[in-house]
Amino acid sequence: MTVRRTSCTLCEAICGVLVTVEDGKVTDIRGDESDPLSRGHICPKAVALRDLQEDPDRLTTPVRRTADGWQQIGWEAAYELVVGKLTAIQRAHGQNAVGVYLGNPNVHSLGSLTHLPTMVRQLRTRNRFSATSIDQLPHMLASHLLYGHQLMVAVPDIDRTSYLLMLGANPLASNGSMMTAPGFGRRLKEVSKRGGKVVVVDPRRTETAAVADEHLFVRPGTDAALLLALIHQVISDGHARVASYVDGLATVESAVEKWTAERAAELTGIPAAEIRRIATEFATADRAACYGRVGVSTQQFGAVCQWAIQVLNIITGNLDRPGGTMFPRPAVNPLLGIGRGHIGVWKSRVRGLPEFGGELPVSTMAEEILTPGEGQIRALLTVAGNPVLSTPNGRRLDEALGSLDFMVSIDPYINETTRHADVILPPAPPLEREHYDLVFHQLAVRNTARWNDAVLPKPASARHEWEIFRDLGLALVRRTPWSRRRALTTARLKVPPRQIVAAGLRIGPYRLSLRALRKNPGGIDLGPLQPALPEALHHKTKRIDLAQRMILDDLPRLDALPPLEDGELLLIGRRHLRNNNSWMHNSERLVKGKPRHHLLMHPDDLAERELTDGQVVSVSSAAGTISVEVAASNDMMRGVVSLPHGFGHGRPGARLSVANRVPGPSANDITDAAFVDPTAGTAAVNGVPVTVTAS
């Protein structure tokens, strides 16, 4: 029996765990108290690492579709088939005839981060999509515009703040997101012990709102009006104070002039007096941080929201201040290997929505497959994603995937998306790979570093993600004429992730070595967040311009927001601690217990429609209709209903023996791919107009 240290890679919290192994089998997983970031905290998902390892549904060798069903195929034969098909389609129809979709788990894999981008670049297609545009894109856009780099994200310094204002965030369920803060509940209690205050603004009384000092209901999709009113009030009251390197305050003041507390109250449902009070409390607190997450990102004004959150922090003097919002300083700087970002360099073929950072909005993917013409997607590569369940109007995407000439998926499962593939290449599971977290240290509330060797040996017949990307990339490169670029790409693909991390540590701010981290498998504490501006800004001027024209030009659209139609409700999502989007429902230990797929609805909204608790109802939107059981909940704001996404299993051909028994429809069968934030291109899956009637 041995106990080995690693980290859980199933969410952004990157909690340290102790894994007990007996005779090559995992027998126990618990929190690692020596981890300086997570300090022993874990959630139920960490224990499910064992389930991923032992899942009989997990593929261990490549498979190809045949007339007689799925057939195992060798790795080299699979690579030859995939590369041959993709390049043939590009020769016949152009480079953009191949599309790429990258799912959320890629950011949790060291090998995906080091080798996937290089492989994808060899396809030379502009039809690239990812989960970013149905998640954190507005965060990245705001960071790009204000700070000069898409990943220069300011995070709340929660361990020192005295006033935390959260909008559309539920970190007690998410463990923190775009804010790596394991053990968030404990950190929240520590705010109260310091005499601080936590305020949550959300259309639902979430798990986080329930333990906060104050909760305010807000009409979905109107958070931007609240934020603009807070900015207006801070400036009007004379509380605005900006650093010497900040420009544009006067322009912002003019832009928000009409956004009084009274005007915001009309849209949000929050009384004007409450808005003024919150503005005063935030501006006069000694250390305050405003933070917004999915609820304010994946809506029709996500870009305005995330920009406004940054502006509120900046004009109250809370940016780059202990206890405010600060920039982590990770041991390996990922910003060196990732572009600063750009927007609108090209646009989607059918609808003309802008790319961001080289990716088109995922809301356009189905139409780019189904609409004939030059540039139509005819082949698709998906990596660690299930967009049929996780992106808007999943039914239409399901139809689109069935029309492709060829599809390849790099994924360990035959799920609702990969069942359409012609070839599936399965990577080894998390416990069989080395890990260093390149992204989430960049978002962490404390500077730490941790390297972990694999807990279990990888079978010789298996392949790590980086090995799959390496081999596919090399096969693609071999089909191009020799050039210096080809030689450099070949060399880059052959460098293992371990060597890349070692080099990053050596040139990083702390000059660490991989050897030092391996001697401390519980992690090394590098201290609290430190002020870094203006030197750390990625703008050449080393200045912040608040008056971003593309944001300010969008404010009239908010001002013209129409009222709801009679009988219409607004749909929002919901997260649960035991869920992780669409990809953890095949773990028996995570899905057991009380069903959690129900539509939540306020009792008065039920009575108004002569519906009853537990009744099966029809939920309809512009995209379609689903049937689901409704549950009465006083935690819901009047006029708002909530349905979790990631459900909708049990489709023909999906080989998920546990998930296929989990009830509940896919929320994305009624989210509308046409309902987006046109500024950023982000899917608006919160604030979707729906009607609810008896089935």
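This is a predicted model: local features need pLDDT of at least 70, side-chain atom pairs count only at pLDDT 80 or more; totals for chains, interfaces and linings use all residues.
Start with the cysteines. A disulfide is a covalent bond between the sulfur atoms of two cysteines. A search of the whole structure turns up zero disulfides. Take Cys 11. The closest cysteine sulfur belongs to Cys 43 and is 5.5 Å away, too far for a bond. The cut-off for a disulfide is 2.5 Å between the sulfur atoms. Cys 290 is in no disulfide either; the nearest cysteine sulfur is that of Cys 305, at 9.8 Å. Cys 11 is buried, because its relative accessibility is 8%. Cys 290 is also buried, with a value of 3%.

Lys 45 touches Cys 11, and its other contacts include Leu 10, Ala 173, Asn 175 and Leu 590. Lys 45 sits in helix α1, which spans residues 44-47. What is the nearest side chain of opposite charge to Lys 45? That side chain is Glu 12, and it is 11 Å away. Lys 45 is buried, yet has no salt bridge. A salt bridge would need the charged atoms within 4 Å. A polar atom of the Lys 45 side chain does lie 2.7 Å from the backbone oxygen of Leu 577. Leu 577 is also among the residues that Lys 45 touches, as are Arg 578, Asn 579 and Asn 580.

Now move to the loop. Ala 240 lies between α9 (223-236) and β12 (246-247). Is Ala 240 buried or partly exposed? Ala 240 is partly exposed, because its relative accessible area is 27%. Beyond its neighbours within four places in sequence, Ala 240 is in contact with Val 234, Ile 235, Leu 249 and Ile 315. Arg 321 is 81 residues from Ala 240 in sequence, and their C-alpha atoms are 15 Å apart.

Methods
Residues are numbered from 1 along each chain as its sequence is written. Side-chain values use heavy atoms; hydrogens and water are left out. Buried means under 20% relative accessible area, exposed over 50%, partly exposed in between (1.4 Å probe, protein chains only). Helices (H or I, at least four residues) and strands (E, at least two) are DSSP runs, numbered from the N terminus. Contact means heavy atoms within 4.5 Å. Lys and Arg count as positive and Asp and Glu as negative; His and the chain ends are not counted. A polar contact is a pair of N or O atoms within 3.5 Å; within protein, one must be able to donate a hydrogen and the other to accept it, and residues adjacent in sequence count only if both atoms are side-chain atoms.
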